[in-house]
Structures are given as structure tokens and as C-alpha cells.
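Please walk me through this structure.

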Amino acid sequence: MPKSKRNRPVTLSKTKKKPGLERKGKVVTDIKDAVEHYANAYVFTYDNMRNQKLKDLREQLKSSSRIFLAGKKVMQIALGRSPADEAKTGLHKLSKFLQGDTGLFFTNLPRDDVERLFREFEEHDFARTGSIATETVELKEGPLEQFTHEMEPFLRKQGMPVRLNKGAVELVADHIVCEEGKPISPEAAQTLIGIFDDVNIVTKPMRLLGMQMATFRLYLVCRWSSDDFEVYKEGLAQLRAEADDSS
């Protein structure tokens with residue numbers, strides 16, 4: 001009878017540390033290092049996060065600032081949650097604002113420059129499934145000249161009433177892609193953004209309607225320095241609105 005594979009001995013001395021724990025430990029170390037090297041620390045929140053846009057911003061500011069997006073508890077541990085364990089005097093005040101979609105911004109830039117940067121930062125992009133449509137998009141019956149004949153099967157799969165008429169894509173009835181104020185469906189998101197290629201493999205991005213309904217924005221929630229602490233009303237309101245939406 002073959003040996004059971006269920007009861008195999010495990011040598012604990014050979015088990016490796018979990019990569020996640022090592023990652024968290026490095027984040028804590030990096031945040032503590034940032035506390036020592038930067039004069040100001042901010043908590044910020046965001047809307048319609050786009051990772052590549054944030055990466056570009058990090059690169060733009062790398063000479064003067066550092067941005068952290070990590071688990072809230074990890075960032076709180078690094079800063080300290082109370083006066084007894086805070087990294088520097090008053091830093092624990094930031095921790096209570098680390099909730100929901102928030103991050104840390106360490107910088108040596110003057111306060112006015114930071115406030116202007118966050119106020120003016122705005123990157124438009126294509127909306128994702130579940131986003132709220134900012135306008136109603138309706139396609140009228142008739143030829144859809146922006147689409148090639150190869151795209152007809154894809155469009156039909158998105159729920160659009162189309163057909164090929166002499167090699168041209170034609171809409172046989174009016175079609176509402178999305179409605180203002182309502183969540184964007186997966187089909188609408190695909191239609192607004194569009195992903196398609198000649199062999200129906202999702203590899204080549206192609207903007208179908210080319211309509212960007214999402215805006216990636218950043219909001220300052222609060223600021224800490226060695227001699228000051230302040231809360232920003234707009235950022236705090238945004239944070240509370242996010243909490244209400246998720247509850």
C-alpha cells in the first residue's frame with residue numbers, strides 16, 4: 001500500500017519567512033527613515049486611482065518628496081498610534097486619518113507648493129466598471145464609421161444591436177451605452193474604452209468611443225511638521241464621503 005501523503009513531517013527550522021511580512025517590515029523601516037529625512041508629512045486621499053499616473057508623479061517628485069501607499073495598519077505602526085510609540089512628537093495625530101483610500105506624502109517642499117500641487121493635480125482617464133457615468137452616452141441608429149468590420153462581433157458581444165451592411169458596421173436601433181449618474185456596466189466600460197484585436201484575444205488596447213469619464217485626483221487630508229498640525233476641510237470631506245459610500 002502506498003504511503004499516505006497527508007501526514008508528512010515538516011522541519012520547522014527550514015521554513016522560510018513569509019514574503020508579506022518582510023515587505024511590511026521594509027515599509028515600516030522606509031517610513032521611519034522618511035520621518036527623519038523630510039520636514040513635513042501629509043495624509044492624502046484620492047479618487048479614481050491610476051497606478052501609472054501615480055508612478056509618474058513619484059518620479060517627478062523623487063528629488064524632494066516620497067509617497068507611500070500601503071496597508072493602513074502598517075503605516076500607523078510606522079508613525080505610531082499614540083504619544084507613547086510615535087516616531088516623532090505629534091506624528092500619531094496622522095494615524096487616525098489613515099483610513100479608507102489614503103496614503104502618506106513626505107516632503108521638504110514649502111506648504112504652499114504642496115497645496116498648489118495637490119489642488120491642480122488632475123489626470124483624465126477611461127472609466128472602469130462600477131464608476132459613475134458623468135454623462136449619458138447614446139449612439140444613434142445608422143452607420144458606425146469609427147468601427148471597422150472586424151469589430152462587429154465584439155460590439156455585438158457588448159450588447160450593441162449591430163450588423164454588417166455591405167462591409168460596414170451599422171447600428172440597427174438607438175443604443176444607450178451609459179446614463180449620467182448611474183454605475184457603468186462591464187459592457188459599457190468595454191465600449192467606452194475598448195479592447196479588441198483581429199483574433200478576439202484581449203491584447204491590443206483600442207479606444208472605441210474615446211470618452212474619458214474618470215478623473216484621478218488627490219486631496220490633502222492633514223499635515224504634520226515638528227511645530228504644527230492642521231486638517232484640510234476638503235480632503236476630510238472627501239474621506240468621509242468615501243466612508244459613507246463603502247458603508
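**A strand pair and its aromatic rings**

In this predicted model, F44 stands opposite G103 in strand β3. Strand β1 covers residues 40–47, and strand β3 covers residues 102–107. The two strands run antiparallel, and 6 bridges join them. Strand β1 is largely enclosed by the rest of the structure, because 7 of its 8 residues are buried.

Side chains matter here too. In a regular strand they alternate between the two faces of the sheet.

Now turn to the rings. A pair of aromatic rings is described by the distance of the centres and the angle of the planes. The model holds 5 aromatic pairs. One of them joins F68 and F106. Their ring centres are 5.8 Å apart and their planes meet at 90°. An angle over 60 degrees counts as edge-to-face, so this pair is edge-to-face. The pair links distant parts of the chain. F68 sits in strand β2 (residues 65–68) and F106 in strand β3, 38 residues apart. Both F68 and F106 are buried.

F105 and F118 form another edge-to-face pair. Here the distance is 5.3 Å centre to centre, with 65° between the planes. F105 lies in strand β3, while F118 belongs to helix α5 (residues 111–120). The pair therefore ties together parts that are 13 residues apart in sequence.

Finally, return to F44. Ring pairs link Y42, F44, F105 and F118 into a cluster.

Methods. Residues are numbered from 1 along each chain as its sequence is written. This is a predicted model: local features need pLDDT of at least 70, side-chain atom pairs count only at pLDDT 80 or more; totals for chains, interfaces and linings use all residues. Side-chain values use heavy atoms; hydrogens and water are left out. Buried means under 20% relative accessible area, exposed over 50%, partly exposed in between (1.4 Å probe, protein chains only). Helices (H or I, at least four residues) and strands (E, at least two) are DSSP runs, numbered from the N terminus. Two strands pair if DSSP finds at least two bridges between them. Rings of Phe, Tyr and Trp (its six-membered ring) pair if their centres lie within 6.5 Å; planes under 30 degrees apart count as stacked, over 60 as edge-to-face and the rest as tilted.
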